[in-house]
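I am opening my notebook on this structure and will write down what I looked up, entry by entry. Please keep the sequence and the model in view while reading.

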Amino acid sequence: MRWITILLASSFTIGCINTDPATDLLETYADRTARAIDIDLELNLRSTAEVLDPIPPRRERTLPITEINEGLLDVLDLRRCGLIDLIAQRNTSLGKLAPGSQRLMYELNFLPKLRHCISKLEGDTEQAELLTRLKSIDLQKTINFPNQVWNSVYTSSELEQHFSLGSPPLTPSETGQIAPLQLALERFNIIAGLSQKPSWGSPTFTDQLESNYESMYRSQFGSEWLTSMVYLTQTLDQTAHAIEQRLDARPLCFNQKQNRKSEILWNVFLKYYVNSLQPYLAVVERDGRSWTMFHQSMFEQLRPKDQTWLKVYLSDEGPLWAPYRSARERHTLAWQALLEQC
């Protein structure tokens, strides 16, 4: 008997540890609401992986880049442009295997120097052949640039983890969980915007981009937000269904006169919805909108061919926002109808 007691106690402890704060909040809210209206409700939350499709594999998210290979003599000609060191770096085995962050930094440094060199050589008849070759390189790199930015961001392991479907939801007690990513998101958007400009200088933050990738790596915001949206949608829908069942039965208050049950319901509404669930909803929506706007802006500026998955995934009519809005509206109307009975 003593061992059974210990085993049960251990199981209970493990169960408590495995319940994350957000899921606990949602289950408590649904349970308290169901009790107040005398409806049986056991919140059944399907996992994010059961609700959402995963994003395409990396190979399908990678856009083509036309490589530019220069012969040794051609490269030596580029010395006058101040590009020889950059090219030497790029041509090392390390450069060829460099991660997306390094490739992006290379392009941000290379293109402005190349264009500066072209402007210096304009009108120099002795350098006409070199100028033609430089302009050809500039044209190809300009065409490549949006795809390079896309690949450096959307095929990076740092951003991939933000679309994982296995994280717990955002923690209710922590506000502004997207804040550590704001600088990185702003800088990536600035870089994407360069693809729409005919000429630009290397951003002052180019050499600091590694720290922005590190910020993305240290955060799980995107993945946790996906789970939050999926869990909230299900909670709102299932709770609304329970309230609708109660509405189909006899009124909670006879002739709209308040009673003990209506007082309990009002207390539950204030404590578990207004003061608990609603603040969590607000944070998830606010930070989610910032996250969504970042990706929408990147998509509109880079215009990646055959990558509509990103636009669809986070659009207002996509698999996250549309079901969530529908569930939120249904939930709000159910509560309004219930409270109007008293």
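**Ground rules**

I noted that this is a predicted model, in which local features need pLDDT of at least 70 and side-chain atom pairs count only at pLDDT 80 or more, while totals for chains, interfaces and linings use all residues. I also noted that residues are numbered from 1 along each chain as its sequence is written, and that side-chain values use heavy atoms, with hydrogens and water left out.

Helices here are DSSP runs of H or I with at least four residues, just as strands are runs of E with at least two, and both are numbered from the N terminus. Axes are lines fitted to C-alpha atoms, for helices over the stretch in contact, and angles run from 0 to 180 degrees between N-to-C directions.

I looked up helix 11 (residues 182-194) against helix 14 (residues 260-302) and found an angle of about 15 degrees, with the axes 9 Å apart. Helix 11 and helix 14 are therefore roughly parallel, given that angles under 35 degrees count as roughly parallel, over 145 as roughly antiparallel, 65 to 115 as roughly perpendicular and the rest as oblique. The crossing of helix 11 and helix 14 is left-handed, a word used if the near helix is turned anticlockwise from the far one by less than a right angle, with right-handed used if clockwise.

I then listed the contact, where contact means heavy atoms within 4.5 Å. On the side of helix 11, the residues are Gln182, Leu185, Phe188, Asn189, Ala192 and Gly193, and they meet Ser290, Trp291, Phe294, Ser297, Met298, Gln301 and Leu302 in helix 14. By class, the contact of helix 11 with helix 14 has seven nonpolar, six polar and no charged residues; Ala, Val, Leu, Ile, Met, Phe, Trp, Tyr, Cys and Pro count as nonpolar, Asp, Glu, Lys and Arg as charged, and the others, Gly among them, as polar.

Next I checked helix 9 (residues 128-154), which packs with helix 14 at an angle of about 155 degrees, with the axes 10 Å apart. That makes helix 9 roughly antiparallel to helix 14. Helix 9 contributes Pro146, Val149, Trp150, Val153 and Tyr154, and helix 14 contributes Phe294, His295, Met298 and Leu302.

How do helix 13 and helix 14 lie to each other? Their axes come within 10 Å and cross at roughly 135 degrees, and the two helices are therefore oblique to each other. The crossing of helix 13 and helix 14 is left-handed. The residues that meet include Trp225 and Leu236 in helix 13 and Tyr280 and Trp291 in helix 14. This contact of helix 13 with helix 14 has ten nonpolar, four polar and one charged residues.

I looked up Thr235 in helix 13 (residues 221-248). At 0% relative accessibility, Thr235 counts as buried, where buried means under 20% relative accessible area, exposed over 50% and partly exposed in between, with a 1.4 Å probe and protein chains only. Leaving aside neighbours within four places in sequence, Thr235 is in contact with Leu26, Tyr29, Leu43 and Leu45.

Gln161 lies in the loop between helix 10 (157-160) and helix 11, and it is buried, with a relative accessible area of 17%. The C-alpha atoms of Gln161 and Gln220 are separated by 6.9 Å, although the two residues are 59 residues apart along the chain.

Leu52 sits in the loop between helix 3 and helix 4 (58-61), and at 2% relative accessibility Leu52 counts as buried. Not counting residues up to four places away in sequence, Leu52 touches Leu165, Leu226, Val230, Tyr313, Pro319 and Leu320.

Most residues other than glycine have a negative phi, and most peptide bonds are trans. Asp38 is in the loop between helix 2 (21-36) and helix 3 (48-51), and Asp38 is exposed, with a relative accessible area of 54%.

Asp306 has a positive phi of about 65 degrees, again without being a glycine. Asp306 is found in the loop between helix 14 and helix 15 (308-314), and it is exposed, with a relative accessible area of 66%.
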